[in-house]
Each structure stands twice: as C-alpha cells, then as structure tokens.
Amino acid sequence: MGLIERDEALDCLDELLADAVAGRGRVALVTGTVATGKSELLNLLADRSIERGALAVTATGSAVERDLPLALLGQLFHDAPLPADDRDRAMSLLLEGTRAVLAAGPGAHLDPQVIHGLCTILLELAERFPLALLVDDVQHADRASLVCLSYLARRARLAKVLVVFSRSTFGAAGDPAWQTELVRPGSGNRIHLEPLSGDGVRQLAEQLAGAEVADRLAGRWHQLSGGNPLLVEGLVADHRQALAETGAEPADAVAGDGYGAAVMSCLYRGEDRLLEVARGIAVLDDPESLDRLIGLDPQQVAQTVRALTTAGLLGMGAFRNPAARAAVLADVHQEQRAELHRRAAVLTYDRGASTRVVAEHLVNAASEVQESWGVSVLEDAARQALREGRVEAAVRYLKLAWKACTDDRHRVRIMTTLVRAEWRINPSTSAGYLPELTGALDKGVLRGSDAIVLAKALLWHGQFRDAEHVLDHLAANGAELDPDTAAELAATRPWLRCTYAPFVARLPKTTATVDTVSASRRLAAARALSSVISSSPGPDLGDTLERILRGSRLDEMSLDTVESSLLALTYAGHADKAAGWADMFVEEAYTRRAPSRQARLAVVRAEVAVRTGNLAGAARYARTALEIMPPASWGVAIGHPLSLLIIASIAMGEFDDVREQLDQPVPEAMFQTRYGLHYLQARGRYSLATDHPALALRDFQRCGDLMSAWGVDAPGLVAWRSDAAEANLRMGRPLQARKLAEEQLARCTGQMPRAQGVGLRLLAATEQARHRPMLLRQAADLLQNSGDLYELARTLADLAQAYQALGESRRAGMIGHRARALAEGCEAAPLRRALSQDEEWESGETAQTAVAGGAAAMLSDAERRVAALAAVGYTNREIADKLYITTSTVEQHLTRTYRKLNVSRRSDLPANLDASLAPTA
C-alpha cells in the first residue's frame, strides 16, 4: 500500500539520496506527529537506496534503551556490512565506550577517541559504497549515540553519505537541544509530515475498503481520525467487523474495538505524560481543572492537549468519539481510576457542577463516600434521574448514598426511596430490603409515608402478616400522623380497597387533603377506580378520568395514577377510550426504560384488548408482560397477566398454551387480592371450555363470594354471574341461569353496555325460541356500542341459531355470515369452526351477497341504515325508535329501497348492506 500525500517529502529525500551517491553528503530530519508515516517513508527510502547502488543501514530508537549507552549506534554497526577487521574494531570501541560511560555514572561524557573511531569506520565504509544511514524514532536515542551521530552529521558533507533521522513530535515541547546538533540550521533539510487531509483520508479509505465505501464514509472517518492514518485503519476494521456481524453495510461510521485499539496504540507510542493527560480527559472533560486532577503544570497540560489534538485523538478538547474514551478508561487500573474519579468529584463539586455530574464521579470513585456533602448530592441526583426516567442511574446513586449515610433515620428514608426506584425495574429486587425496613419500623426509625411504602411492598410480595403489622402500626399512630403521611393515607385507602380489599379495614381513616397536583390526581384516580368496582360509576366518569390522564406523565408521579385511571376506564365500560391512552403510556414507559412499568402497563393493555375482542393482541401483551418481568417478580399480581393470557388463548382455541399457564404455581395469597378474582374467572372458563361445568361453577361462585365479601361486586370488574349462568346452562339448569342473568342485568347501568349485552345473551338462552331474537338483537346493539367484537360475534351466532330454529334460514345465514366474519377477525378459531358447520347458512349468504353486490351503492345513507336494521328482523316501530325517526319515514325508506334493489319484501333484503348491525342515527 503506497504512502498518501507524501510525494513531496519522498521527492526531497530522493534528491538528497542522489546528491549523496554523487559524493555530496546530506543530512535530513523527518518530523511529524504519531502515525503520520515517518517509519514507512524511511522504509521506502531504504528500498530506493538499494536501487541507486547505496547501502541502507538502519536503526530504530526505543524508550527502553534510552539509558543504555551507544545502544542506537550499535544497531547501525550490527546492520552495516563491515569487513571482519572493521567489525571487530567497531565492537571493541562500542564495548569500551559503553563500559566507560556506565562506570562514570549519569552525565558522563564519551571519550572523543571512541567517537572518532566509530564514525571513521562508517566514513571509510562510505568510501567503498554510498551509505544511507536511516535512524527512526531518534527521540528515543541514548545520549552517547546522539553525540556520535551529531559528529557523523558534521562530517558527512564531503562523503557519500545520506543521514536521515525521523523524530515524532507527539507531545514534544519545541525542538530539543540535541536536534540542533544533529541537523544544524542551513546545513540540513527538515521535512515535516502533516496528518492526512480529507482527500487523503478518502484515498486511504479507497485503498482499504473500496471506492463506494470511501465515497460514503471518508468524510466521517476524517472527522473521527483527524487525518491520523492509524485511526482510519481502525475505523475500517470496525466497519468490516460490523459488516461481518450483520451481513449489511453499516449506514454510518462505526467506532468500536478497532478504533479504540488504534487510539491506545498512538498513546503508547508517546511519552507517559500523553497517556496521563488522556486518562484525565477520559475522567474529567474539563480542561480548566485537568491540571489539578492529574497534578501537572497547566502549561504542560495545554501543550499535551495540543499534541493529542494534532494527532487526531482529540477535537475541541475532548475525545472525538466515546469509543476512544472507553478504550482509555479500560486501560486504567481500577484503583487509579477510582482515585481519579474521587478527585474529579471534589473538583466538580467545588466548581458548582450539576449534582448528576458529581454523583457519576462518586459512584465511579469507590464503594465509600468520604466527603460530608456526598450523601445529599447523591440523593438530589437520584431525584433528578427519576424525573428524567434514568432509573438505573438513580438506583446506583441511592445505593451509594444508603451505604455512606450514618444517620439511621435518614438511612431508612434513603432505603424506601431505593425500594421505589428499584420497583420500576424489577419489584423482586426490593424484597431484600423488607426485613431491614420492618426492623426499622419496630425500632421507631421508620415512620410516616415510608411505612406506607413498606406496607405496599409487603402486600405485593404476599407477606400479608408483616403487612398487617405495618398497617396496625400506622393505625396505632394515626393521631400523630404528619400532614404528608395523612395525605398519603388518603390516597392509599381507595387504592387498597381496589386491590387488597381484605386489608383496608386495618388502615386508619383520615380526612386530610392533598396539597399537590400530582397527589390530587392520584387520589382522584384511586377513588374513581374504587367507585367503579364497588358501585355505579357516574355518567361523567370517563371525562374525569381522561382529564386526569391528559395531565399525567410517568416521570411526575407514581404509576398508580395512570394504572388506576386506565383500569377505571376499562372496568367502567370505556375500553375503547382506554386503548389509546394505554398505548401512549406503554410507549412512554419504553422510552424511559422502566421495565416494571412496561410490564404493568402491558397488562392493562391486555385487559383492554380482551374487552374489545382483540384476542391475539391480548395474548401478545400478556406474554410481553411476563417476558419483561418473570413470574417471581410479579408477586401476587401474577394472577392478572396469567388470567388474560388464559382467557384470550381459550377463545382462540390454543389450549396447550392454557394448560402451560395453569400449570404455573401461583401464591395462595393471590386469592385475597383483585388479581385472584381475575385468575378464578380464567380458570373457570378453561373448565367450561373443556366440558367441566361443575368445576367452572365452583370457581365462578368462589369469585362471587369474595367480591360480595369485599364490597366490590361490580359487573365491570368480573362478570362472574354471567359466567356462572353459562355454567348452569351447560349443566341443564336454565332456571338458575336465568336468575343469575337477571341479577347481572339488575346491577348494570346504562354505562355498562358490555356487561348488559352479555347478560341479555344469556337471558335469551333461557327464553322460549320465539322470544330469543328480540333479546339477542338488543344484546348485539349493546355489544356493538361497547366495542367488544368477540362477544358480539358470540351473540350474533346465537341470533343466527335462533332464527334457524324459527325456520328463517335465509336470515340465519345472513347473520351467521356476519358472526363468522367477526370470529375470523378476532382469531376465535373454535367459534369460527362452529359457525362454518351449517351449510344452509353458507348458501343463503352467498345468494344474498350476489344480490347486493352492486346494489348497496344505489342506497342513500338513511336508506341503508333502515334497510340494515330491517334485514336483521327489526320491526318498523323498533327501527323508528332506534333511529329517532317516524314510522312513516321508515316505510318510505323501505319502499324506495325495495324498488332500487328490485325486491318485494323485507326477507329479500341482502345481508351486507352495512358493516355494522346497528348504525347510529
């Protein structure tokens, strides 16, 4: 691979070589920062010397040989093709000179006779053959060799000798004194090599990676390398590695291990000071404090920063890419790195830097914090991190603060904050702190709202006895509660009623008011959820909850506000409204990298999906929740994701998945929580689907008994009466089923269309055949409005069977087709198979579809609405009532519809006039 942008330097050296061969001796010094091609240039000159009939004799300076007298000069004599006598004489002089300098000690001068003798041997060799003496990295040469080389350089003018030295300026402070001795002004040539230009990097990239890659990435590679060829090679290596790993060309420059290795290679080629300053910059990106961090003179630091910048390692005082910083830090010993971070923490604190910056240095410094201000800085940084969604960072800060704090009460407060923070990642990790917090409660160190945090954590993990102890302690000290704790209790009470109802009686009552917006929202959301599951929600509940959600953010308050609001909307029959909000907060949880919140919101989203008939979506969300947080992390809440996955899988006919989920052990304590209600319903539905109605009825009745005992017997939470009615129907007990269905309907309000629709469907099953269509049509209307397409499909399937039993096969086929389409959309395989078994329905639907193929476009919207209702059996009066028009108007619309469709009666109307069974007026 040829040198790039070095033609001018090579031409100059060629001319000097030609002069030397002609008897006009020359001396040259090639300088440049690290990795600019000095060594490659001398190697190429050595090859050209041979082509010109000259002897190339080479030597390379080394830092490890700097204190060994005549080490560099010895390389030249070992490389030179000397006659035997001259070689013996040279070796003898080298040995004599080395011993003399070592014996005399530091600062000793080399005997002039030894200098003259050694140089004479080389000059005599030049009389026989032109010599090209090429000394690389002369900055590492020992003092004795430099003296000899300067002597030789002064006498080279009249000999056939070209002497070329290369010197790295990487970190050098101006021209050293010995450089003037080697190449005196006016008697030697100085050649300086600059880093590659942008075009030079492009040429190098083309040689290494091809023209297409060079055209795309050369500009970016020049920015990352500063024109340093070694860094460019590292970037090309990383590009190739990325291509090999992914099988696709990276769209942008990749800086990885290759780039980092090239950075370290450059640093180790320079003085120790360069590496020391680079380490300081990697720890503290602040040039103004760098001198105090590493203990160097400010002028030295500034000079070194300039050298690192010239070499392409830095740009604007910082590393050009994080991969460079990472490589430098990885090279520092752990103890040294910790000490640098400790110093950096003090410096940044003194300068008034943000607590985040100071805290990062503290956590990277060591396992201890010695500074008196350290704990408060870490706590403040943790609070800021939690607001910004950097939960992992907050946990690191809090752990160190907890360890460093010496005040017991303060230490407990830090621990409760740590429990809250780790809860966002994985609730199971908080279990390790619970015994210590419980002990702190008994000692009187843990108080107020911190005790409430402990109670909630114990309840989640099913440690109910310990939770009761904490709640009893709060009740015993109810009269001494501070305002903040009283406000926290006010919000906790309705939340506890919704989730852990058996324990709400142990919580002290309070009339405290909240004084912050976030606390007010949390209290309102908890109260709304409590009202939904224990009584009839008001008509404006949906608007209230959406207003709460509109002002909520996951970084401003606990997840309880959002979760309670979404569940209240869902249980109250507004699952369609909850879906959009849930999607938004799920996305926000992912953005903020809070796994626990992602999982809990995924469960809410699965609940919404189940209640809208999105069975596949419900199963997907539930599985996601269980993948993000393993079952052990869910505590007693495991019943909720499991139940949703089971219910969705049953409806889709995936019974192997259901059995797998039911085989998972669940804590017995779960059945004292809301999560246990959902699980009992899911397990009962599995028994029902596998023809064990008696087992199913037992689970449904147990669910009902618990809900009644807890005062949360609302159809929107778990419609256990509908499930129990279905079980009784399977067991041939229609009277019991009818009673349960009627009780279900009696508990429903106009705000619960889904629960009402399901109740009417089951009530219809207990009626005589001629009465069933009317009830089922009403049920279908309600379910259409609720948005539950799966329950709508089940109701339409029953309606089709009812019409078939009455001999109206054409209408049965029409509605059966609609039910089958919905079942397919919901991926409800068992229901779809059941609907596909009746061939008469299929033929009836085909004929109607052919009639309606081009006719629907002929109808106005009003005519289409009337005709669609008439086609599924509504009378003219019923249609008039539903659409808020007169009976006469209905008749007029039907007359025009018959004429346009060329039919003579209602039963001839096609099935697919409208996509919905009950369009709005």
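**Close-up views**

**View A. Arg-522 and Glu-488 are both buried.** Here, buried means under 20% relative accessible area, exposed means over 50%, and partly exposed lies in between, as found with a 1.4 Å probe on protein chains only. The structure is a predicted model, in which local features need pLDDT of at least 70 and side-chain atom pairs count only at pLDDT 80 or more, while totals for chains, interfaces and linings use all residues. Residues are numbered from 1 along each chain as its sequence is written, and side-chain values use heavy atoms, with hydrogens and water left out. Arg-522 and Glu-488 form a salt bridge whose closest N and O atoms are 2.6 Å apart, the term meaning a side-chain nitrogen of Lys or Arg within 4 Å of a carboxyl oxygen of Asp or Glu. Arg-522 belongs to helix H25 (residues 517-534) and Glu-488 to helix H24, so that this pair joins distant parts of the chain, 34 residues apart. Salt bridges with shared partners connect Lys-456, Glu-488, Arg-522, Asp-560, Glu-563 and Arg-600 into one network.

**View B. Glu-488 also forms a salt bridge with Lys-456, with 3.9 Å between the closest N and O atoms.** Because Lys-456 lies in helix H22 (residues 448-460) and Glu-488 in helix H24 (residues 483-499), the pair ties together parts that are 32 residues apart in sequence. Helices (H or I, at least four residues) and strands (E, at least two) are DSSP runs, numbered from the N terminus. Lys-456, like Glu-488, is buried.

**View C. Glu-371 and Arg-342 meet through their side chains in a salt bridge of 3.6 Å, N to O.** This pair links distant parts of the chain, 29 residues apart, since Glu-371 is in the loop between helix H17 (355-365) and helix H18 (374-388), and Arg-342 is in helix H16 (residues 334-350). Glu-371 is buried, with a relative accessible area of 16%, whereas Arg-342, at 28% relative accessibility, is partly exposed. The structure as a whole holds 54 salt bridges.

**View D. The whole structure contains 10 aromatic pairs.** One of them is the tilted pair of Trp-495 and Tyr-500, at 5.6 Å centre to centre and with 55° between the planes. For this search, rings of Phe, Tyr and Trp (its six-membered ring) pair if their centres lie within 6.5 Å, with planes under 30 degrees apart called stacked, over 60 edge-to-face and the rest tilted. Trp-495 is buried at 13% relative accessibility, and Tyr-500 is buried at 1%. An edge-to-face pair is formed by Phe-671 and Tyr-679, at 6.0 Å centre to centre and with 70° between the planes. Ring pairs also link Phe-464, Trp-495, Tyr-500, Phe-503 and Tyr-675 into a cluster.

**View E. The charged end of Arg-702 sits over the ring of Phe-671, 4.6 Å from its centre.** A charge counts as sitting over a ring if NZ of Lys or CZ of Arg is within 6 Å of the ring centre and within 35 degrees of the ring normal.

**View F. Met-316 has a positive phi of about 60°, although it is not a glycine.** Most residues other than glycine have a negative phi. Met-316 is found in the loop between strand S6 (314-315) and strand S7 (318-319), and it is exposed, at 86% relative accessibility. Asp-691, another residue that is not glycine, has a positive phi near 60°; its place is in the loop between helix H34 (674-689) and helix H35 (693-710), where Asp-691 is exposed with a relative accessible area of 62%.
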